[in-house]
Amino acid sequence: MTTRSACGRRPALIGAGTAMLGAALPAPARPSQGWKPPRTVTIVVPFAAGSGTDAITRILAQQLEPEWGQPVVVENRAGANGSLAASQVARAAPDGLTLMMTTNTPHAANPALMKRLDYDPVGGFTPIARAGNYTFWLVVGEASPVRSLRELLDRARARPGEVTYASGNSTGIVAGATIARMGGVEMTHVPYRSTPPAMTDVIAGRVSCMVVDVSASLGHVREGRLRALGVTSRERSALVPDVPSLHEAGLPGFNVVAWAGLVGPARMPPEVVASINAVFRRLWERPETVQRLAGIGFEAKTSTPEEFAEFIRGEIAHWGSMVRAAGIEPE
């Protein structure tokens, strides 16, 4: 795999619950004997190196290179909440040589978070396959006196506006604002271009907390630099079963789930889309791949292109509702 940014070491397997994930995947697609790329393929990541999306994309790229017999470049294009990457891919030639590992940020939340987009999240892209769901959790730095969600909310209630939360993507933005709204407290948002620098400031104590994906933060939690207070899904995650959900920790009904998937520019030839989908599903559904992804807090899922297109449309409506409910004004 060729890369345009450094990729650090990844944490070992979480262990508990990983064997359960394979059963949730759709039936494997048959390998396609059709289209293969004639030269280098670039997969654009809308966040910086070290982010969860970067991690899963590098796993995919490593597997695609021998399959296709061509270099697969991972290009990190962080900025504007994923919009820079989305705009770049939307303008690319629809020949299968430029793809994007998108997430709920550029393809579901941004239409509600931003007043103006330079791309059409539906008409500007060709959905190829859903990739799966991230596990997100609320964390504080090791020096923080806060040991639970309840203590964080009590601290915010006693000091309105002094408790801060960082974000490096839309999930962090929406989940942080929703925690404040549902907890009846005032917290100050500190936005970042990507997750890694936001985590650095939480670890250093410059920011009180953040909602971050397990994929990017597990190593810090394991080594004690960050402390996890609760996962954002309504139920506990099978990947980190010892961590309570925010729903059970004191915010009944809290449920924010982030996802990723593979897209290309609009008007890609159907035979190219079918071939990439078939190869992706076959590689992504391998038990060893499922386990490897679970080890960094990512639950693998796949789909047909048509299923992913329908999923994106539904998620735009869903994330729009969450943004409005959290009282977030478009910027």
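Reader: How much space lies in the largest cavity?

Author: The model is a predicted one, and in it the largest cavity holds about 90 Å³ of space. The count of cavities of 30 Å³ or more comes to 2.

Reader: What makes this space a cavity?

Author: A 1.4 Å probe fits in a cavity but cannot get out, whereas a pocket is an open set, so the way out decides the name. Among the 14 residues lining the largest cavity, those closest to its centre are Phe47, Thr53, Phe136, Asn169 and Asp213. Helix 1 (52-68) and helix 3 (104-113) each give at least two residues to this lining. By class, the lining has 4 nonpolar, 9 polar and 1 charged residues.

Reader: Which residues are closest to the centre of the largest pocket?

Author: The largest pocket has a volume of about 440 Å³. Of its 20 lining residues, Asn81, Ile173, His189, Pro191 and Glu331 are the closest to its centre. Strand 7 (164-167), helix 5 (170-183) and strand 8 (188-191) each supply at least two residues of the lining. The lining divides into 10 nonpolar, 7 polar and 3 charged residues.

Reader: Why is the pair of Tyr134 and Phe298 called edge-to-face?

Author: Their ring centres are 4.9 Å apart, and a pair needs centres within 6.5 Å, so the two rings pair. Their planes stand at 70°, and over 60 degrees counts as edge-to-face, so that is the name of the pair. Tyr134 is in strand 5 (residues 125-134) and Phe298 in strand 12 (residues 298-300), 164 residues apart. Tyr134, Phe136 and Phe298 form one aromatic cluster.

Reader: How do you know that Tyr134 is buried?

Author: Buried means under 20% relative accessible area; Tyr134 has 7%, so Tyr134 is buried. Phe298 is at 0%, so Phe298 counts as buried by that cut-off.

Reader: What makes the pair of Phe280 and Trp284 stacked?

Author: The angle between their planes is 25°, and planes under 30 degrees apart count as stacked, so this pair is stacked. The distance is 5.1 Å centre to centre. Both residues lie in helix 9 (residues 270-284), 4 residues apart, about one turn of the helix. Phe280 and Trp284 are both buried.

Reader: Which residues have the most contacts inside the largest nonpolar core?

Author: That core has 82 residues, and those with the most contacts inside it are Ile56, Leu138, Ile179, Leu262, Ile276 and Trp284. Beyond its neighbours within four places in sequence, Ile56 is in contact with residues including Tyr134, Trp284 and Phe298. Another core, of 16 residues, lies apart from the largest one, with Ala198, Val212, Leu226 and Val240 among its members.

Key
Residues are numbered from 1 along each chain as its sequence is written. This is a predicted model: local features need pLDDT of at least 70, side-chain atom pairs count only at pLDDT 80 or more; totals for chains, interfaces and linings use all residues. Side-chain values use heavy atoms; hydrogens and water are left out. A nonpolar core is a set of buried Ala, Val, Leu, Ile, Met, Phe, Trp, Tyr and Cys residues joined through side-chain atoms within 4.5 Å. Buried means under 20% relative accessible area, exposed over 50%, partly exposed in between (1.4 Å probe, protein chains only). Contact means heavy atoms within 4.5 Å. On a 1 Å grid over the protein atoms alone, a cavity is a set of points where a 1.4 Å probe fits but cannot get out, and a pocket is an open set with protein on both sides within 12 Å along at least five of seven lines; lining residues have an atom within 4 Å of a point. Grid points are joined across faces, edges and corners, and a volume is the space filled by probe spheres set on the points. Ala, Val, Leu, Ile, Met, Phe, Trp, Tyr, Cys and Pro count as nonpolar, Asp, Glu, Lys and Arg as charged, and the others, Gly among them, as polar. Rings of Phe, Tyr and Trp (its six-membered ring) pair if their centres lie within 6.5 Å; planes under 30 degrees apart count as stacked, over 60 as edge-to-face and the rest as tilted.
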